[in-house]
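Me: I'd like to go through this structure with you. Can we start with the core and work outwards?

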Amino acid sequence: MMHYCTTFYFFNILPAMESSKDIMEFVKEYDFVFGEVPEDYLVLDCGKKIGPINIRYETYGSLNPERTNAILILHALSGDAHVAGKHSPSDKKSGWWDKMVGPGKAFDTEKYFIVCSNVLGGCSGSTGPRSINPETGKLYNMSFPVITIRDMVKAQYRLMKYLKIEKWLAIAGGSMGGMQALQWAVSYPDAVKSVIPIATTSRLSPQAIAFNWVGREAIMSDPDWKNGNYQDKGPEKGLSIARMLGHITYLSDESMAKKFGRNLQNMKDYAFNFSYNFQVESYLKYQGQSFVERFDANSYLYISRAMDYFDLSEEYDGNLTKAFESVKSDFLVISFSSDWLFPPSQSMQIVSALRNKNLNVSYCNIDSIYGHDAFLLETEVLGKLVAYFIENQFKES
Amino acid sequence: MKKLLTKELINRPDLIVIFDLIEEGSRVIDLGCGEGILLYHLKKQKNCSVCGVEISQDKIIECITRGIPVIYGNLDNGLNDYPENSFDCVILSQTLQAVARPDKLLKDMMRVSKKSYISLINIGYIGARVQIAFAGKMPITKSLPTPWYKTKNIHLSTIIDFEILCYELGFKIEKRIPISQYTFLSKLMPNLFSEMCVFVISK
C-alpha cells in the first residue's frame, strides 16, 4: 500500500500538518480559477481570449520556506493531474507515474514540492471543450478555441503565480509533457532552473501528425460524434479506434512480440471469423474500451491538434538553436532506444541545439524494448537519472 | 582534493597527467568520459566548465550522480553537434585506437577545440614488440589485456605512427609526455619504452 504524505495547505497556513508523515493520507485535488474578468482572460495563440478557466491540480510534499524545492510535472496526451498516490481507499489504481513520484522515489516528496496539473483543453477537471461556455450557458464543444502547447503552458504559468512560486527547481514531462517542459524553458527562461524532457520532440513529426489525423478521423466519422454535440453517449467507437491506433504507436514490434507473440485469446485454433482471435487484438480492444470510460472525444481532438501545431523552431526559420536563444535552464534530455514515435534522433536534435547555445545539458538514450511507453515503464533507470539530476540541481540552488 | 584524484585514478596515470596540463577555467569536453571522475575534479578544483560524451548507460548515470553534464553519443558518428571552437580543450583518453576512423575524429576534435589532449596506447612498447617478434603472437599487455578476436582496439598505433598522422593532418604537437615504468629510458626512446603517451596537439 502506498503511504502518502500530502500537504493540505498552501502558504504555510497549516504547518502543523507537516508532522503527520506516518499517517496514511490520500491525495487531494485542487481547483484554481482565473480569468473571471475580461482583463484577466487568457490570450490564446489562435488570437481568441478565453475565461474563466479552471485548472485542476494536485500537490505532493511541501514547499520549503525558501520556495526553492518546487517541481512541476507535466502529463502526456491521455494523462491528468493525478500523477501519484490514490484519492481514496477505494481507488483501484494509483496515479500515472506512481513509480516515480512519492516518498523516497525519484521525485522525492519528502524533499520536494511536486505540482501536477491537468492541461487546458483536458477532460480531467481543467477547462476544456466539455466545459460550460459562460457566454451561452452550454457546453463549448467545437466552439472551444483551438489551443496550443504554449497556451497550456501559459495557463500553468498562471497557476505558478497563484502558488507564489518564483522558479521551478525542475520541470519534467514525457511525450506531450516533454513538449510543455521545452516550451516552459523557451517562454519563461527565468522561471525554470532545470528541464527534464523525456521521450519527446521539439516539433511533431509528419508521421506523428499522420497518426493524430487518423485518430481524429475515427472520432469525427463516428455518427455518435454529432459534430461534437454529443450528449451522454459520445462517439465511443471512434474514440476507442483512436486510442487503439495511438496505443500501437506507443509500443514496439519487439515489445508486442514479447508480450503477445502470435498467441491466441482463449482458443486453441483460429476461430475463422473476424472477432478477436489474437491476444494482441483482445489487448487493443480492452485498451480502446477502457479509454472511452475515462476520456472525452472532443478533448482528444483538441489536445492532439495542439501536439500537431507544436514546433519550437517554426518562428525561427526552422533553426532550433535560435529558438533556444533566451533559454537559461540546465537540461536532462532522455529518450528510449525503441521509441519510434518520438525517436532518439529527435531528442538528439534538441541536445545539439542546446549544446550550440553552450547550455548545461545531459542526455541519455535509455536502452529499452518498450517503445514510446518506456517513459512510464523504465522507471528504474529513469528514476536514477532523474533523482541524481534533481539532487544536484537542488544542491546548486 | 588532488590526493583524492590520485586515489580515484590510481590505474589511470594518463588522466592525472592530463589533469595537471589543463589550465584553470577552461571549457573542457571529454570524449568517452567514463564515470566522469576527471571532469569532476576539473570542475571542482580547476573551475572548468565541463561536458562529457559517453556511450554506456551505466557510466552516464555515474556522471549524472556526480553532477557532471554528459551526453550519450557514439564517437564514430563524429562531433557534428558541437560548433567550431566551442571548447578550449578536448580530451580523448585511451580511445583513439577504438574508433572507426581515428584520423577523422582527430580532425573533428581540432575543429571543436583549440587544443586536444590525447592519451595513446603505444603498440610499439617493448612488452608488445617482444611478443610479436619472438612469440609471433599478437601482444597482450596491461593496457591491452584483451585477445585480438574480441578487442575493441581496432586501430592500434605506435607513438611514431601517431606523430606521422599529426604531421600529415597539419597539427602541431605541443607536448609529448611518455608514461612508463622506465622513466629514464622512455625519455630517450619513448616509442620503445613507454606503454602510453600523452600528447597535447594544436592547430
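Reply: A definition to begin with: a nonpolar core is a set of buried Ala, Val, Leu, Ile, Met, Phe, Trp, Tyr and Cys residues joined through C-beta atoms within 7 Å. A residue is buried if 20 or more other C-beta atoms lie within 10 Å of its own, exposed if 12 or fewer, and partly exposed in between, with C-beta atoms placed from the backbone. This is a predicted model, in which local features need pLDDT of at least 70 and side-chain atom pairs count only at pLDDT 80 or more, while totals for chains, interfaces and linings use all residues. Residues are numbered from 1 along each chain as its sequence is written, and chains are lettered from A and ligands numbered from 1 in the order in which they are written.

Me: OK. How many residues does the largest nonpolar core have, and which have the most contacts inside it?
Reply: The largest nonpolar core has 170 residues. Ile71(A), Ile73(A) and Val386(A) have the most contacts inside it.

Me: What is Val386(A) in contact with, leaving aside its neighbours within four places in sequence?
Reply: Val386(A) is in contact with Met100(A), Ala106(A), Phe107(A), Ala172(A) and Ile196(A). Contact here is C-beta atoms, placed from the backbone, within 7 Å.

Me: And the helix around Val386(A)?
Reply: Val386(A) is one of the buried residues of α11(A), others including Leu382(A), Leu385(A), Phe389(A) and Gln393(A). Helix α11(A), residues 379-396, reaches 25 Å from its first C-alpha to its last, close to the 26 Å expected at 1.5 Å a residue. The expected span is 1.5 Å times one less than the number of residues. Helices (H or I, at least four residues) and strands (E, at least two) are DSSP runs, numbered from the N terminus.

Me: Moving to strands. Why is β14(A) largely enclosed by the rest of the structure?
Reply: Because 6 of the 6 residues of β14(A), residues 361-366, are buried. Val361(A), Tyr363(A) and Asn365(A) point one way, while Ser362(A), Cys364(A) and Ile366(A) point the other way. In a regular strand the side chains alternate between the two faces of the sheet.

Me: Which sense does β14(A) pair in with β13(A), parallel or antiparallel?
Reply: Parallel, over 6 bridges, with β13(A) covering residues 330-336. Strands pair if DSSP finds at least two bridges between them. Phe331(A) has Val361(A) in β14(A) as its bridge partner. With helix α9(A), residues 344-356, the two strands β13(A) and β14(A) make a right-handed β-α-β unit. Right-handed is taken with the strands pointing away from the viewer: the path from the first strand over the helix to the second runs clockwise.

Me: Which elements of chain B make a right-handed β-α-β unit?
Reply: β1(B), α3(B) and β2(B). β1(B) and β2(B) run parallel, joined by 5 bridges, and Val28(B) has Val50(B) as its bridge partner in β2(B). β1(B) also pairs in the parallel sense with β4(B), over 4 bridges, where the bridge partner of Val28(B) is Cys89(B). In β1(B), 4 of its 5 residues are buried.

Me: What covers the buried residues of α3(B)?
Reply: The cover includes α1(B), α2(B), β1(B) and β2(B). Among the buried residues of α3(B) are Ile37(B), Leu39(B) and His41(B). Asn47(B) follows α3(B) and has a positive phi, near 55°.

Me: Change of topic: how many residues of chain B are in contact with chain A?
Reply: 14 residues of chain B are in contact with 19 residues of chain A. On that side of chain B, the largest share, 5 residues, comes from α4(B). The residues there divide into 9 nonpolar, 4 polar and 1 charged. Ala, Val, Leu, Ile, Met, Phe, Trp, Tyr, Cys and Pro count as nonpolar, Asp, Glu, Lys and Arg as charged, and the others, Gly among them, as polar.

Me: Is Asn266(A) buried or exposed?
Reply: Exposed, because 9 other C-beta atoms lie within 10 Å of Asn266(A). Asn266(A) is found in the loop between α5(A) and α6(A).

Technical notes:
Two residues are in contact if their C-beta atoms, placed from the backbone, lie within 7 Å.
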